[in-house]
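Please look through the structure shown here, starting with its pockets and then turning to one of its sheets.

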Amino acid sequence: MRAILPILVLSSCWLTNAELLEKADIPPTGGDADTDTDTDTDTDTDTDTDADTDTTDLDCADSDLGSAVGNNVTDGLSTDHTDDFVPDCNGAGQIGGTDAAFAWTAPSAGCFTFDTSESAYDTVLYLLDGCSGDELICNDDVNASDLITTSSVGFVVEANQSVVVVIDAKDDLASGTYQLDINPTDIIETDFDLGSQIGTQFGNTDGLDTSIDPRICDYPSGNDLIVTWTAPSSAEWTFALNPVGTDFDSVLSLHRQCTSEAFICDDALLGGGGENVRATLFEGEEILIRIAGYDAGGGAESGPFQLDISM
């Protein structure tokens with residue numbers, strides 16, 4: 001059980017509403033007549049002959065992955081595809097290049113990560129709520145600051161929820177072989193949501209437990225405070241961590257939804273804070289910020305801190 005904090009506690013991975021897969025097959029009343037072309041007595045517009053099993057529109061997908069999970073659930077060559085979609089997280093004026101789209105249905109409820117880590121070009125990865133639905137989440141680069149231009153997203157789904165997974169190219173000049181990995185992951189418990197606040201934020205890790213593997217980034221750590229933060233605009237953002245009134249030896253890391261592995265991590269190594277990381281993020285992109293105490297084997301350090309977020 002995490003310590004109770006004097007602040008609203010939210011979760012970084014919120015559950016989305018599932019597509020309603022079945023409708024009650026009730027004969028119409030009043031003057032409404034059956035307007036579809038199937039044989040059941042409802043008012044939808046499907047063309048099936050069963051008792052109504054409408055699903056999310058997935059016709060735009062190049063192929064159906066079913067509920068496949070694991071590394072390399074599919075691969076291919078980007079130039080074998082056309083340019084059919086425009087991602088939201090690709091930057092102003094960028095419409096992307098050729099894209100491959102795949103229908104996927106969640107085998108169970110929970111967090112899943114989707115990544116193109118073994119792809120050979122600059123990808124953009126996003127999930128759509130069906131062909132005509134909203135973009136659910138999008139990522140351009142795992143870490144543009146370190147020139148890691150493959151993509152990764154984490155998303156919470158309900159059992160049997162269907163989405164369209166799109167692997168797009170950064171632009172017309174980006175092409176090559178792609179690989180898609182889909183893996184179940186644990187939902188990361190968070191302490192609160194910072195929204196899109198910037199400037200100086202204050203907190204304290206005293207009395208907290210360890211939520212994420214304490215040996216991420218090769219820096220042993222524990223007693224972590226994890227907050228959700230959403231980029232208010234597209235920019236390179238700086239996150240600077242320092243103790244307040246103590247010599248609290250801290251570790252700072254940034255994570256994506258459903259992904260305990262950090263995409264950026266820093267320990268100033270001299271004790272007493274001083275961590276400073278930068279991440280290029282797009283407007284609306286959500287990340288997790290983890291503030292933890294260094295643990296050399298005798299127990300993790302903890303204490304008050306200030307976190308400065310700036311453009």
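Strand 9 gives the largest share of the lining of the largest pocket, 3 residues. This is a predicted model, in which local features need pLDDT of at least 70 and side-chain atom pairs count only at pLDDT 80 or more, while totals for chains, interfaces and linings use all residues. Residues are numbered from 1 along each chain as its sequence is written, and side-chain values use heavy atoms, with hydrogens and water left out. Strands are DSSP runs (E, at least two residues), numbered from the N terminus.

Rolling a probe the size of a water molecule over the atoms shows where empty space is left. A pocket is an open set of points on a 1 Å grid over the protein atoms alone, where a 1.4 Å probe fits and protein lies on both sides within 12 Å along at least five of seven lines; lining residues have an atom within 4 Å of a point. Its volume is the space filled by probe spheres set on the points, which are joined across faces, edges and corners.

The largest pocket holds about 380 Å³ of space. It has 17 lining residues, and Asp115, Val142, Ser152, Thr259 and Glu261 are the closest to its centre. Two or more lining residues come from each of strand 4 (110–115) and strand 9 (177–185). By class, the lining has 5 nonpolar, 8 polar and 4 charged residues. Here Ala, Val, Leu, Ile, Met, Phe, Trp, Tyr, Cys and Pro count as nonpolar, Asp, Glu, Lys and Arg as charged, and the others, Gly among them, as polar.

The second largest pocket holds about 330 Å³. Of its 20 lining residues, Ile137, Cys138, Gly284, Glu285 and Glu286 lie nearest its centre. Strand 6 gives the most to this lining, with 5 residues. The classes here are 8 nonpolar, 6 polar and 6 charged.

Gly284, Glu285 and Glu286 are also among the residues that Thr230 touches, along with Gly195 and Ser196, not counting residues up to four places away in sequence. Contact means heavy atoms within 4.5 Å. Thr230 is in strand 12 (residues 221–230). Is Thr230 buried or exposed? Thr230 is buried, because its relative accessible area is 19% (buried means under 20%, exposed over 50%, partly exposed in between, with a 1.4 Å probe and protein chains only).

Two strands pair if DSSP finds at least two bridges between them. Strand 10 and strand 12 pair in the parallel sense over 2 bridges. Asp193 has Thr228 of strand 12 as its bridge partner.

Key. Helix = DSSP H or I, 4+ residues; strand = E, 2+ residues; numbered from the N terminus.
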